[in-house]
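Below is a brief report on one protein chain. Have the sequence and the model open side by side while you read.

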Amino acid sequence: MSKNFEIKKTVVADIKDKISRAQSIVLVDYRGLTVEEVTDLRNQFRKAGVAYKVLKNTYIKRAVDELNVTGLDEHLNGPTAVAFGVTDPAAPAKILKEFIADKKKMTVKCGIVDKQVIDVKGVEALAELPPKEVLIAKLMGSLNSPISGFVGVLSGVLRSFVYAVEAVRKQKAGE
């Protein structure tokens, strides 16, 4: 095998590894960005723990085919950059949404979440998700709610009992 083929195989394996480890992936068409804008976007991604790479469509196609991800072929045309959300699944979508709203130069092609391809509206919905900490707090609040209600009912019963005992005491004392 040629050295060039081995290099391509290594690149595809690297992409496959990144896709496997990522919680979410967003593919974008980055045409029209200046070097300064791309550098700014990469810095934002780096701060959020998102890997961002410009990749060849054929390499992406080979990697997703090996991972049995279907429905991506129609989106693999033109220049493609990929944002891999490793730690926070919503981070790539949120950063790109803000960046695109500010610069109005690049477009989202699609996304991948749990090895399922999502369209542009799905990526926008992902960007609208509240932070993980807020979701956990809401979950904990809803789990705590029945217990709080039960404690409230018990304290109400106890309070009523205390009022009844006090009324009986006052009646016997002649007050």
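Start with Glu-37. Glu-37 sits in helix 2. Its relative accessibility is 12%, so Glu-37 counts as buried. Keep in mind that the model is predicted.

What does Glu-37 touch, once neighbours within four places in sequence are left aside? The contacts are Gly-32, Phe-99, Lys-103 and Lys-105.

Strand 1 is mostly covered, with six of its six residues buried. Both faces are covered. Ser-24, Val-26 and Val-28 are buried on one side. Ile-25, Leu-27 and Asp-29 are buried on the other.

Strand 1 pairs with strand 3 and with strand 4. Strand 1 and strand 3 run antiparallel and are joined by five bridges. Ser-24 has Gly-85 of strand 3 as its bridge partner. With strand 4, the pairing is again in the antiparallel sense, over six bridges. There, Asp-29 has Thr-107 as its bridge partner.

## Two nonpolar cores

In soluble globular proteins, nonpolar side chains tend to be buried together. The largest nonpolar core here has 22 residues. The residues with the most contacts inside this core are Val-26, Val-28, Leu-41, Phe-45, Tyr-52, Leu-96 and Met-106. Several elements supply at least two residues each: strand 1, helix 2 (35-48), strand 2 (50-55), strand 3, helix 4 (91-103) and helix 5 (120-128). Helix 4 gives the largest share, six residues. A second, separate core has 19 residues, including Ile-19, Ala-22, Leu-55 and Leu-67.

Now look at Tyr-52. Residues up to four places away in sequence are not counted here. Tyr-52 touches Val-28, Tyr-30, Leu-41, Arg-42, Phe-45, Ala-81, Val-82, Ala-83 and Met-106.

## Salt bridges

How many salt bridges does a search of the whole structure find? It finds nine. One of them joins Glu-66 to Lys-16, with the closest N and O atoms 3.0 Å apart. Glu-66 lies in helix 3 and Lys-16 in helix 1 (residues 3-21), so this pair ties together parts that are 50 residues apart in sequence. Glu-66 has 47% relative accessibility and counts as partly exposed. Lys-16 is partly exposed as well, with a relative accessible area of 27%.

Asp-73 forms a salt bridge with Lys-61, and the closest N and O atoms are 3.5 Å apart. Asp-73 is in the loop between helix 3 and strand 3, while Lys-61 is in helix 3, so the pair ties together parts that are 12 residues apart in sequence. Asp-73, at 45% relative accessibility, counts as partly exposed. Lys-61, at 33%, also counts as partly exposed. A network of salt bridges links Lys-61, Asp-65 and Asp-73.

## Helix 6

Helix 6 covers residues 132-173. Within helix 6, Glu-166 and Arg-169 are three residues apart, which means about one helical turn separates them. Glu-166 forms a salt bridge with Arg-169, the closest N and O atoms being 2.6 Å apart. Glu-166 is partly exposed at 31% relative accessible area. Arg-169 is partly exposed at 41% relative accessibility.

Ile-136, Leu-139, Met-140 and Leu-143 make a nonpolar surface patch of about 390 Å². Leu-143 lies in helix 6. Is Leu-143 buried or exposed? Its relative accessible area is 52%, so Leu-143 is exposed. The cut-off for exposed is over 50%.

## Positive phi in two loops

Most residues other than glycine have a negative phi. Asn-68 has a positive phi, near 60°. Asn-68 is in the loop between helix 3 (57-66) and strand 3 (80-85). At 64% relative accessibility, Asn-68 counts as exposed.

Lys-115 also has a positive phi near 60°. Lys-115 is found in the loop between strand 4 (107-113) and strand 5 (116-118). Its relative accessibility is 43%, so Lys-115 counts as partly exposed.

Note on methods. Residues are numbered from 1 along each chain as its sequence is written. This is a predicted model: local features need pLDDT of at least 70, side-chain atom pairs count only at pLDDT 80 or more; totals for chains, interfaces and linings use all residues. Side-chain values use heavy atoms; hydrogens and water are left out. Helices (H or I, at least four residues) and strands (E, at least two) are DSSP runs, numbered from the N terminus. Buried means under 20% relative accessible area, exposed over 50%, partly exposed in between (1.4 Å probe, protein chains only). Patches are made of residues with over 30% relative accessible area and no salt bridge: like charges are joined within 9 Å, nonpolar side chains (Val, Leu, Ile, Met, Phe, Trp, Tyr) within 5 Å. Accessible areas come from the Shrake-Rupley method with a 1.4 Å probe; for residues, only the protein chains shown count as cover. A salt bridge is a side-chain nitrogen of Lys or Arg within 4 Å of a carboxyl oxygen of Asp or Glu. A nonpolar core is a set of buried Ala, Val, Leu, Ile, Met, Phe, Trp, Tyr and Cys residues joined through side-chain atoms within 4.5 Å. Contact means heavy atoms within 4.5 Å. Two strands pair if DSSP finds at least two bridges between them.
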